[in-house]
Amino acid sequence: MTIKVIIVDDQAMVRAGFAALLAAQSDIDVVGEAPDGREGVQVSRRSHPDVVLMDVRMPEMDGLEAARQLLDPPRGVTHRPKVLMLTTFDVDDYVYEALRAGASGFLLKDAPPADLISAVRVVAAGEALLAPSVTRRLIADFARQRPAPRRDGPALRRSGLTPRETEVLELIARGLSNQEIAESLVLAEQTVKTHIGRVLAKLGLRDRAQAVIFAYESGLVTPGQ
C-alpha cells in the first residue's frame, strides 16, 4: 500500500528536500505541498493524504490551527489525515497543544533523513510518534507551568481504568515501548496491546500521544517524578 503525503512548510527548500527524499521511497507518494496552513488544509481536503507533514510556524495560518481544522473537520468532511508536526526545540507549547488537538507526534526539522522516512511510515500505520526523551521533555516542561493535580484526581477516578490499565498508562507516559511495558509488568506483548486499546477507548483518546498528555494532566505522572 502506498502512503500518500503532503508537505506544509513555508520554506520552499525544506518542502523540496523532504519531497525528494520521500518520493524516492517505493511505498511513499508525495501528492501535494503548501506554503502555509490555510493552503495546507485546502490541499489536504483535495488530495486526501494519509499523512500531513506540518510545520509549526507559518504565515497566514500556523500549523497548530491547520492541524485543528484537519483533525476536527466541519460537518460533511469525513477525511482526517494523520498529522506529523515539524518543529524545533523553541516551540514546545505549540507542540504540546498540537498533540492535544490530535496530532500523531512530531519530528525535529534537523532529524536524519532515515528518521523522516520512518516517522511517515510509523504515523501512517496508526502509531503515535513518541520519541521518549524529547516528547516527555516537551510535555513535562509545559506541565511544570501548571498547578499539579492530585494523583487520585477526578479525571482518573471517572476514567474507569482498572489498576492494571492505570499501570500501563503510567508506563506509556514514561515513554516505554510495548515490549518494555511487557517486560516491566511480566506480560505478553499482545496483552499489553489489548490493555492499551482499552485505555484509549475508556478515555476517549486517539492514540498514545494523547494518552501521555492525559497522564500528565490527570496527575498520574508528574514532571521530575
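Predicted model: local features only at pLDDT ≥ 70, side-chain atom pairs only at ≥ 80, totals over all residues.
Q: Which residues touch the most other members of the largest nonpolar core?
A: The largest nonpolar core has 22 residues. Helix H8 (163–173), H9, H10 and helix H11 (208–218) each give two or more residues to this core. A second, separate core has 20 residues, including Ala34, Met54, Ala66 and Ala98. In the largest core, the members that touch the most others are Leu169, Ile172, Ile181 and Leu203.

Q: How many helices and how many strands does the secondary structure of the chain come to?
A: The chain has 225 residues, and buried residues make up 49% of them. Among contacts with a separation of 6 or more, 68% join residues 24 or more positions apart. The secondary structure of this chain comes to eleven helices and five strands.

Q: Why is H8 described as largely enclosed by the rest of the structure, and which of its residues are buried?
A: Eight of the eleven residues of H8 are buried, so this helix is largely enclosed by the rest of the structure. H8 is followed by Gly175, which has a positive phi near 90°. The buried residues of H8 are Glu165, Thr166, Val168, Leu169, Glu170, Leu171, Ile172 and Ala173.

Q: What distance separates the C-alpha atoms of Leu171 and Ser184?
A: Leu171 lies in helix H8, and it counts as buried because its relative accessibility is 13%, under the 20% cut-off. Leaving aside neighbours within four places in sequence, Leu171 is in contact with Leu176, Ile181, Ser184 and Leu185. Leu171 and Ser184 are 13 residues apart along the chain, and their C-alpha atoms are separated by 8.8 Å.

Q: Are H9 and H10 roughly parallel or roughly perpendicular to each other?
A: Helix H9 covers residues 178–185 and helix H10 covers residues 189–203, and their axes lie 9 Å apart. The two helices pack at an angle of about 105°. An angle from 65 to 115 degrees counts as roughly perpendicular. H9 and H10 are therefore roughly perpendicular.

Q: How do the residues of the contact of H9 with H10 divide into nonpolar, polar and charged?
A: H9 contributes Asn178, Gln179, Ile181 and Ala182 to the contact. From H10 come Glu189, Val192, Lys193 and Ile196. Together these residues divide into four nonpolar, two polar and two charged.

Q: What is the phi of Val186?
A: Val186 is found in the loop between H9 and H10. With a relative accessible area of 72%, this residue is exposed, because the value is over 50%. Most residues other than glycine have a negative phi. Val186 instead has a positive phi, near 55°.

Q: Where is Glu60 placed?
A: Glu60 is a residue other than glycine with a positive phi, near 70°. Glu60 counts as exposed because its relative accessibility is 61%. Its place is in the loop between S3 and helix H3 (63–71).

Q: Does Asp55 count as buried or exposed?
A: Asp55 touches Val8, Asp9, Asp10, Gly63, Met85, Leu86 and Lys109, not counting residues up to four places away in sequence. The relative accessibility of Asp55 is 5%, and the cut-off for burial is under 20%. Asp55 therefore counts as buried.

Q: How far apart in space are Arg206 and Arg100, C-alpha to C-alpha?
A: Arg206 has its place in the loop between H10 and H11, and at 42% relative accessibility it counts as partly exposed. Not counting residues up to four places away in sequence, Arg206 touches Leu71, Arg80, Ala101, Gly102 and Leu200. Arg206 and Arg100 are 106 residues apart in sequence, while their C-alpha to C-alpha distance is 9.9 Å.

Definitions and conventions. Residues numbered from 1 in each chain as written. Heavy atoms only, no water. Axes fitted to C-alpha atoms, helices over the stretch in contact; angles between N-to-C directions. Helix = DSSP H or I, 4+ residues; strand = E, 2+ residues; numbered from the N terminus. Parallel < 35°, antiparallel > 145°, perpendicular 65-115°, else oblique. Contact = heavy atoms within 4.5 Å. Nonpolar A, V, L, I, M, F, W, Y, C, P; charged D, E, K, R; others polar. Buried < 20%, exposed > 50% of the residue type's maximum accessible area, 1.4 Å probe, protein only. Core = buried A, V, L, I, M, F, W, Y, C linked by side-chain atoms within 4.5 Å.
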